[in-house]
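This report is meant for someone meeting the structure for the first time. Please keep the sequence and the 3D view at hand while reading.

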Amino acid sequence: MIPQNGKQRLIGYLLRDVEMDAACGPNTLTVSLPASKATIASRLSLTPEYFSRVLHELEAQQRISIDRRNIRIPEVQELLGYGAR
């Protein structure tokens, strides 16, 4: 297995319930975080600061939008491709 960096782990977490078949996956997705951002960061072996920084970076690039614990992903396939880099 190829080691993943923190950004890839976070994107993988956000897309964990998406089918990997590009033809079947949804175009837009809203993910509700089941716990605090700090708790999720810890589960992903990330610092809360890094977790927030990556979320804000993805939001600045318009790959996601954040509303408290709800994260909207307007283009799932685009984020999948971004996470693979």
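The text below goes from the overall layout to the sheet, the helices and some single residues.

## Overall layout

The model is predicted. The protein contains four helices and three strands. Along the sequence these elements come in the pattern α-β-α-α-β-β-α. Of the 85 residues in the protein, 34% are buried. Among contacts with a separation of 6 or more, 58% are between residues 24 or more positions apart.

The three strands form an open sheet with the order 1-3-2 and antiparallel pairing. Strand 1 (29-32) and strand 2 (65-67) are the edge strands, each of which pairs on one side only. On average, neighbouring strands of this sheet are turned by 20° against each other, direction ignored.

Strand 3 comprises residues 70-73, and four bridges join it to strand 1, the two running antiparallel. Within this pairing, Val 31 is placed opposite Ile 71 of strand 3. Ser 32 has Asn 70 as its bridge partner in strand 3.

Strand 2 and strand 3 also run antiparallel and are joined by three bridges. Here Asp 67 stands opposite Asn 70 of strand 3.

Which residues of strand 3 are on the covered face, and which on the uncovered one? Ile 71 and Ile 73 make up the covered face, while Asn 70 and Arg 72 make up the uncovered one.

Arg 72, a residue of strand 3, has 39% relative accessibility and therefore counts as partly exposed. Apart from neighbours within four places in sequence, Arg 72 is in contact with Thr 28, Leu 29, Thr 30, Arg 63, Ile 64 and Ser 65.

Strand 2 and strand 3 form a hairpin with two residues between them. Arg 68 lies in the loop between these strands. Arg 68 is not a glycine, yet its phi is positive, at about 55°. With 73% relative accessibility, Arg 68 counts as exposed.

Gln 62 is another residue other than glycine with a positive phi, near 60°. Its place is the loop between helix 3 (48-60) and strand 2. Gln 62 has 65% relative accessibility, so it counts as exposed.

## Helix 1

Is helix 1 (residues 6-14) largely enclosed or largely open to the outside? It is largely enclosed by the rest of the structure, because seven of its nine residues are buried. The buried residues of helix 1 are Gly 6, Lys 7, Gln 8, Leu 10, Ile 11, Tyr 13 and Leu 14.

The N-terminal end of helix 1 is capped by Asn 5, with a side-chain oxygen 3.0 Å from the backbone nitrogen of Lys 7. Tyr 13, one of the buried residues of helix 1, has Arg 16 over the face of its ring, at 4.2 Å from the ring centre. As for aromatic pairs, a search of the whole structure finds zero.

## Lys 37 in helix 2

Helix 2 spans residues 37-43 and includes Lys 37. Lys 37 has a relative accessible area of 29% and is partly exposed. Leaving out neighbours within four places in sequence, Lys 37 is in contact with Phe 51, Leu 55, Ile 66 and Arg 68. Arg 68 is the residue with positive phi in the hairpin turn.

The table gives two residue pairs with their separation along the chain and the distance between their C-alpha atoms.

| Pair | Separation in sequence | C-alpha to C-alpha distance |
|---|---|---|
| Lys 37 and Arg 69 | 32 residues | 8.0 Å |
| Arg 72 and Leu 14 | 58 residues | 9.7 Å |

Lys 37 belongs to helix 2. In the other pair, Arg 72 lies in strand 3, and Leu 14 is among the buried residues of helix 1.

Definitions and conventions
Residues are numbered from 1 along each chain as its sequence is written. This is a predicted model: local features need pLDDT of at least 70, side-chain atom pairs count only at pLDDT 80 or more; totals for chains, interfaces and linings use all residues. Side-chain values use heavy atoms; hydrogens and water are left out. Rings of Phe, Tyr and Trp (its six-membered ring) pair if their centres lie within 6.5 Å; planes under 30 degrees apart count as stacked, over 60 as edge-to-face and the rest as tilted. A charge sits over a ring if NZ of Lys or CZ of Arg is within 6 Å of the ring centre and within 35 degrees of the ring normal. Two strands pair if DSSP finds at least two bridges between them. Axes are lines fitted to C-alpha atoms, for helices over the stretch in contact, and angles run from 0 to 180 degrees between N-to-C directions. Buried means under 20% relative accessible area, exposed over 50%, partly exposed in between (1.4 Å probe, protein chains only). A polar contact is a pair of N or O atoms within 3.5 Å; within protein, one must be able to donate a hydrogen and the other to accept it, and residues adjacent in sequence count only if both atoms are side-chain atoms. Contact means heavy atoms within 4.5 Å.
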